[in-house]
Amino acid sequence: MSKQFDVVVIGGGPGGYIAAIRAAQLGFNVACIDEWKNAAGGPAPGGTCTNVGCIPSKALLQSSEHFEHATHHFAEHGISTGTVKMDVAKMVARKDTVVKQNNDGILYLFKKNKVSFFHGRGSFTGAKDGAYEVKVAGAAEEVLVAKQVIIATGSNARQLPGAEFDEDLILSNDGALRVGAVPKKLGVIGSGVIGLEMGSVWRRLGAEVTILEAMPTFMGAADEAVAKEALKVFTKQGLKIELGVKIGEVKKGKKSVTLSYANAKGEAQTLEVDKLIVSIGRVPNTIGLNPEAVGLQLDERGAIVVDAECKTNLPGVWAVGDVVRGPMLAHKAEEEGVAVAERIAGQHGHVNFGTIPWVIYTSPEIAWVGKTEQQLKAEGVAYKAGQFPFLANGRARALGDTTGFVKFLADAKTDEILGVHIIGPMASELISEAVVAMEFKASAEDIARICHAHPSLSEATKEAALAVDKRTLNF
């Protein structure tokens, strides 16, 4: 017998679980379906972000950064440590604990907000009388019925033809997070967020890391000044980054992988590695959703087609997050999830794509929001630029990390902030000030005139804003 709900959410990742909770808070009877399993076979809501993405990668990044500080930087603080060893198994176990805490936290929030949770794969079976039937294939099969359905099924790692994932030698983000020992040689195809973050983790622990990128430029989505600085710093750290390569044959041996590729000059090259991480983007996940049963429209990429408000071609069916257009970012999915729940309630949910921040959690961290300088030039926008290095920031000096800078871009006539780009310590936190400022249409002068704590890294944002008008206080 079917179970009736006001809203059914398919997918319990950042977009899905947030949408379900917000809809419940707005008074709806809500169900959320999610199929992720933990090692014991139990429910593990949170999607890619919590299970094999944002959360576990940050746990490993933190552990590996502690190790690097202990082996390379403690001495300058007067701290003697003796021989430092890394227990990879314990590091991975800690990561798993962090993941489980987040899984359990979501289940608690479901219970607290009276969201009915169903563990299994959700798929459409049909529509009748303005409502949709969604089957849950789990330990026990269930059929849920609702007039409002929110699809938040996320994305999957894109496979490289001829180098399919086995999660032993050829790894997706999932396998990269479960490596049991430091590989002597690690290859990474793709210099995006996952490639740089995972490459950084294993480089810190002693692996010889080679990153192969097909594009002729490094970090093409970032501001050119930031990308140039990042390439210089990562190369100095020991990451070997080759741009403009063309991957050829990938051969798996018993304990290694051999890649044939052409470098930027067209010269044939061979690389043998113990592990290979393939990080060439992600694809929308509609596996098993059975969109044909209800006539749900997909585009040529397999993404669900939605309008500006996340409405699909079907009345009452919405889609958010990685499975639709736009950046594949957890916080973008969360914003869309909240907005859709509010729209179902007759409110005016809002998502501003122009103020969604991007962050890469390497060391130094990289973060930006808004337009890059090359975008403004291409669009013919008259702008002013201001930049301030962390080398001149007292708090950065005290931290012992003066790498990078803050860069402001503002409209030449109105002084409205058009973009902020940061490479340096705690960039992931500093970028929030810029997001708030841009959301409220602030000018560079507004930031320059706000009192920032001293000494703090945020003073670098104030100085960069001052530099837009060729001024400085130079704390």
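Predicted model: local features only at pLDDT ≥ 70, side-chain atom pairs only at ≥ 80, totals over all residues.
Residues are numbered from 1 along each chain as its sequence is written, and side-chain values use heavy atoms, with hydrogens and water left out.

**Exercise 1.** Describe how helices H3 and H6 pack.

Step 1: find the helices. H3 covers residues 54–72 and H6 covers residues 193–204; helices are DSSP runs of H or I with at least four residues, and strands are E runs of at least two, numbered from the N terminus.

Step 2: get the geometry. The two pack at an angle of about 35°, axes 9 Å apart. Axes here are lines fitted to C-alpha atoms, for helices over the stretch in contact, and angles run from 0 to 180 degrees between N-to-C directions.

Step 3: look at who touches whom, with contact meaning heavy atoms within 4.5 Å. H3 brings residues including Leu60, Leu61 and Phe67, while H6 brings Met198, Val201 and Arg203 among others.

Step 4: sort the contact residues. You get 5 nonpolar, 3 polar and 6 charged. Ala, Val, Leu, Ile, Met, Phe, Trp, Tyr, Cys and Pro count as nonpolar, Asp, Glu, Lys and Arg as charged, and the others, Gly among them, as polar.

**Exercise 2.** Work out the strand order and the edges of the 8-stranded open sheet.

Step 1: write down the order. It goes S1-S6-S5-S4-S3-S2-S7-S18, with mixed pairing; two strands pair if DSSP finds at least two bridges between them.

Step 2: check the edges. S1 (3–4) and S18 (317–319) have a single partner strand each, so one side of each lacks a neighbour in the sheet.

Step 3: zoom in on one pair. S3 (residues 30–34) and S4 (residues 116–128) run parallel and are joined by 4 bridges. Ile33 sits opposite Phe118 in S4.

Step 4: H1 (residues 14–25) lies across S2, S3 and S7, running at about 170° to S3.

**Exercise 3.** Take the sheet containing S13, S14 and S15 and describe its pairing.

Step 1: set the order. These 3 strands make an open sheet, S13-S14-S15, with antiparallel pairing.

Step 2: name the edges. S13 (246–252) and S15 (268–273) each pair on one side only.

Step 3: Ignoring direction, neighbouring strands are turned by 20° against each other on average.

Step 4: pick out a pair. S13 and S14 (residues 257–262) are joined by 5 bridges, and Val250 has Leu259 in S14 as its bridge partner.
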